[in-house]
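Hello,

Here is the structure I promised to pass on.

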Amino acid sequence: MTTTQELAMEGEKHLEETIEAAFQIISAMNDELCNPSLWSTSATASSTTGSNGSALVSADAAGIDGAPHHSESGGGGGGGGSGNSALDEASLRYKNSVTSLRAVIAAIPNSQKAKVSEAENGLGTPEEEDEIEKLEEKALSLRKEIAEKNVHVKELIDKFRQLIADISTWQSPCSV
């Protein structure tokens with residue numbers, strides 16, 4: 001059976017993989033958006049024929065008209081296959097790591113329940129249980145002893161304060 005601590009370490013590993021994959025998705029999207037050669041052919045064709053303002057509008061319109069997006073496999077034209085495959089690979093890694101992370105998170109409560117049921121089933125030996133009971137009794141008696149000593153210390157402190165007050169009264173200058 002896997003302990004909660006082992007599950008936590010495995011979950012941390014999957015979380016790091018998820019973050020890394022998400023970063024790769026963002027990097028691939030950035031590469032795709034920053035590199036006109038990775039855009040669809042209709043967007044690149046209109047960007048070469050029109051002015052700067054119309055190229056932007058044409059590229060936006062191409063995206064709306066159904067040009068390949070990052071979630072589609074293949075590529076946009078004009079050498080766009082490499083950008084999409086990196087994005088698809090990162091997306092697949094992200095989905096797999098999230099699935100693994102969810103599985104680990106779901107396993108943690110089961111691990112804790114198993115640990116509690118083992119403790120409830122009394123897997124300890126009778127000698128261990130007797131030892132635990134003796135230690136609990138000793139702890140209780142020590143707490144009582146500390147409480148009694150605290151009361152005694154308080155009484156001594158009060159007497160000491162009274163003694164200091166008496167001494168300071170005796171040492172005060174007398175008027176003759």
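Below is what I found in it, starting with the ground rules.

This is a predicted model, in which local features need pLDDT of at least 70 and side-chain atom pairs count only at pLDDT 80 or more, while totals for chains, interfaces and linings use all residues. Residues are numbered from 1 along each chain as its sequence is written, and side-chain values use heavy atoms, with hydrogens and water left out.

The protein has 5 helices and 0 strands (DSSP runs, numbered from the N terminus: H or I of at least four residues for helices, E of at least two for strands). Along the sequence the pattern reads α-α-α-α-α.

Of the 176 residues, 16% are buried (under 20% relative accessible area, with exposed over 50% and partly exposed in between; 1.4 Å probe, protein chains only). The protein exposes about 13300 Å², 59% of it supplied by carbon and sulfur atoms (Shrake-Rupley method, 1.4 Å probe; for residues, only the protein chains shown count as cover).

As for contacts (heavy atoms within 4.5 Å), 65% of those between residues at least 6 apart in sequence join residues at least 24 apart.

His14 counts as buried because its relative accessibility is 9%. Leaving aside residues up to four places away in sequence, His14 touches Ser97, Ser100, Leu101 and Val104.

Finally, confidence: mean pLDDT (the predictor's confidence in each residue, from 0 to 100) is 74, and 66% of residues reach 70 or more. Over residues 43-82 pLDDT stays under 50, and there the model has 46 contacts beyond four places in sequence. Where pLDDT is low, the predicted coordinates should not be read in detail.

Best wishes
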